[in-house]
Each structure stands twice: as structure tokens, then as C-alpha cells.
Amino acid sequence: MTKAAILIEPGKPLSIETVQIADCGPHEVRIRTIACGLCHSDLHFIDGAYPHPLPAIPGHEAAGIVEAVGSEVRTVKVGDAVVTCLSAFCGHCEFCVSGRMSLCMGGDTRRAAGSAPRITRPDGSPVNQMLNLSAFAETMLVHEHACVAIDPAMPLDRAAVIGCAVTTGAGTIFNACKVTPGETVAVVGCGGVGLATINAAKIAGAGRIIAADPVPEKRELAKKLGATDVVDALADDAAKQILELTKGGVDHAIEAVGRPASASLAVASLRRGGTATILGMMPLSEKVGLSAMDLLSGKKLQGAIMGGNRFPVDIPRLVDFYLRGLLDLDSIVAETIPLERINEGFDKMKKGDAARSVIVFDQ
């Protein structure tokens, strides 16, 4: 039996309950969860903005220690420190074999229809696994292609945020945008993903990094992580300020919030030939676009799910960046809390007054 936070009904607090985790299948890994970050993507499901079969255990930004492996597992072993990632990949579909692993639908990484569920309540009723992981639990059971072994010297309460926020933000800079030294970058939204994007832009050698956020404390944090300039994202002339700071606009504008107004600001901040990348989870009914003049100016618009990551390669590199002092995870993590305070952590997130809260499980 393991303790977990279960989403029973959208808009209601998560319920702390005891669940049963199944034994490992051939390609499955059982992980003792050490830490799990609270991500805004979880909140979209908790609030009901994005649908999901219920009851379910959210949580997808985690690190832990491998406790058991299935008979066919070759990528990790018992005792390994691992980071999990929601972009589980099958390894043989067109997306995987063409190097676009983050686009894999991952059907083969889930148990087949009719098989026993990975997670059940004490009465035997199934609990749905969310985003291949369900990390708001003391134990996870995942496919081996949903986790990667990391350097055991890495603190796991910091490693957890690499699994989503940092992989998404840094992956966007390194993979989706391929930022080269000297290029200019604007980041709209300075939550966990936005701050990781800013930090990665600094590592990549971006010439000017402009952070746009309505919260003064987050703008100051953005400066600490590498922003050269900051702008109030809600200012009427926010786009004009960015255009003036960069003498015509940025090469890359990255939206890390999931709001139509933030996407519009990203597009309006571009120079001729620039690219806007939307990372935030927009309301499903919303659309983002380019005007005719934007198109005539060679501007581009793209999505980058999970930063276009190749996480078995990317995550160990990001761990190395942290251990070498290049990646500042300590500033991104605002606090560590026990599982029992998870609803309080999401309440803080709704207020927008913290960078990242990370659950640390009792060991």
C-alpha cells in the first residue's frame, strides 16, 4: 500500500488516500518517489479545464529511486536514482525513429486494454494513471521509457523539477528554437517553465533576454536567472518596450503561461523573421495566429510540446549542468512541502506568488 493524492472531482481538493500499486510487468519499473514538483499543467486537470478519466492521481514532475524492475527492463536497475518524464516513448513509431520522441503517443507504454490496472484502491477499483506517471504518490509504476537514470550525486528534490519545467523550458531553447549565441529572446511568464527557459537562454549565450511577467517578485527572480531586461507583461506598451529594447524585436519569443494575451504579446515582440513558440497549455477553445503582415515579414509560430525533448539524453545533461553550477534549480524551487500540504501548494500557485513548490515524501 502507498499514500497518494487522488483527484476525485474537478474543482475539489485532492484527497489523500491509500492505494495499491501492482507488480512490475515485463517493461515496467517501480520507483520510490522522493520528490515531485507542483506544475501548472496539473492544475489544468484539477480545475477541470482539461478532461481526464477519474479518479486519477496527478503529478508528473518527479524523481526517485528504483525499487524493482520487470524481466525485460534494460535501461535502469534497482537502486538507480531516476527522473521521470511524461513524454514516454515507444521507440519504434515514425516520430521516435525520426528523432521526434516527444511527439510519440506512447500507446505501447501503457498497459493493454483488459489488463489489470497499475493502480487500484483497497477495494480493487481502478485508479487512472495520469500522463504515464501519477507521481503524487509514494510509489510509481511506470514504463521504462518514462524514466532515465541520473548521476546519484544529484539532489532529488532539485532533480524533480527537471522532469517537466526544466526539460520543457531548456528543451525549447536547445531543441525547438536552437538558440545560437547572440540571438535575442523574450520569455512571457516567469513561473517554473519560464524561469527555466530564461536560465537556458543564458546558458545558450543569448545576447539579450527579456522577461515579461506582471509580478514584480518574479521579474526580480528572472534577473537572477539570467534576464538582462524585464517588462510588466500587463503594461499597455509591453510589446513596444520589447521592440525598443531590441531595436526591432526579438529572434525568439517564448510563451510560458498558456493565456491568449501572453501569446499575442509573444507574437507582437518578434522581429522580422522571428519565431514565437507557445509552451503554455491554452484553453482548448483558443487559437493563436499570425497576421498577413506577420507572414509577409517571415515570422513563424510553433508549438513545442515538452520542449521537443529527447529526455533520455537531455535530462542527464541538465543534471550535469546543475552539478557544474550552470543550471540554477535552487532559485526555481521556492519551497519543499509534505504531501499533506499539496492543496495548499496549489492554492499558492493560483495566486501566482511562488516559483515552484516541490513535495518531498517521508523517507
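Trainee: What distance separates the centres of domain 1 and domain 2?

Mentor: Keep in mind that this is a predicted model. Domain 1 covers 2-163 + 331-360, and domain 2 covers 168-304. Taken over C-alpha atoms, their centres are separated by 28 Å.

Trainee: How many residues does the contact take from domain 1 and from domain 2?

Mentor: Count residues with heavy atoms within 4.5 Å across the boundary. The contact takes 11 residues from domain 2, and from domain 1 it takes 12 residues.

Trainee: How much area do domain 1 and domain 2 bury between them?

Mentor: Interface size is often given as the accessible area lost when the parts come together. Here, carbon and sulfur atoms carry 66% of the buried area. The total for domain 1 and domain 2 is about 1,000 Å².

Trainee: Which residues in domain 1 lose the most area to domain 2?

Mentor: Three residues together make up 50% of what the domain 1 side buries. They are Tyr50, Ser331 and Ile332.

Trainee: Which residues line the largest cavity?

Mentor: One cavity of 30 Å³ or more is counted. About 50 Å³ of space lies in the largest cavity. Its lining has four nonpolar, no polar and four charged residues. They are Lys3, Glu138, Pro338, Leu339, Glu340, Val360, Phe361 and Asp362.

Conventions:
Residues are numbered from 1 along each chain as its sequence is written. This is a predicted model: local features need pLDDT of at least 70, side-chain atom pairs count only at pLDDT 80 or more; totals for chains, interfaces and linings use all residues. Side-chain values use heavy atoms; hydrogens and water are left out. On a 1 Å grid over the protein atoms alone, a cavity is a set of points where a 1.4 Å probe fits but cannot get out, and a pocket is an open set with protein on both sides within 12 Å along at least five of seven lines; lining residues have an atom within 4 Å of a point. Grid points are joined across faces, edges and corners, and a volume is the space filled by probe spheres set on the points. Ala, Val, Leu, Ile, Met, Phe, Trp, Tyr, Cys and Pro count as nonpolar, Asp, Glu, Lys and Arg as charged, and the others, Gly among them, as polar. Domain bounds come from an automatic or database domain assignment. Buried area is the accessible area (1.4 Å probe) that two parts lose on being put together, summed over both.
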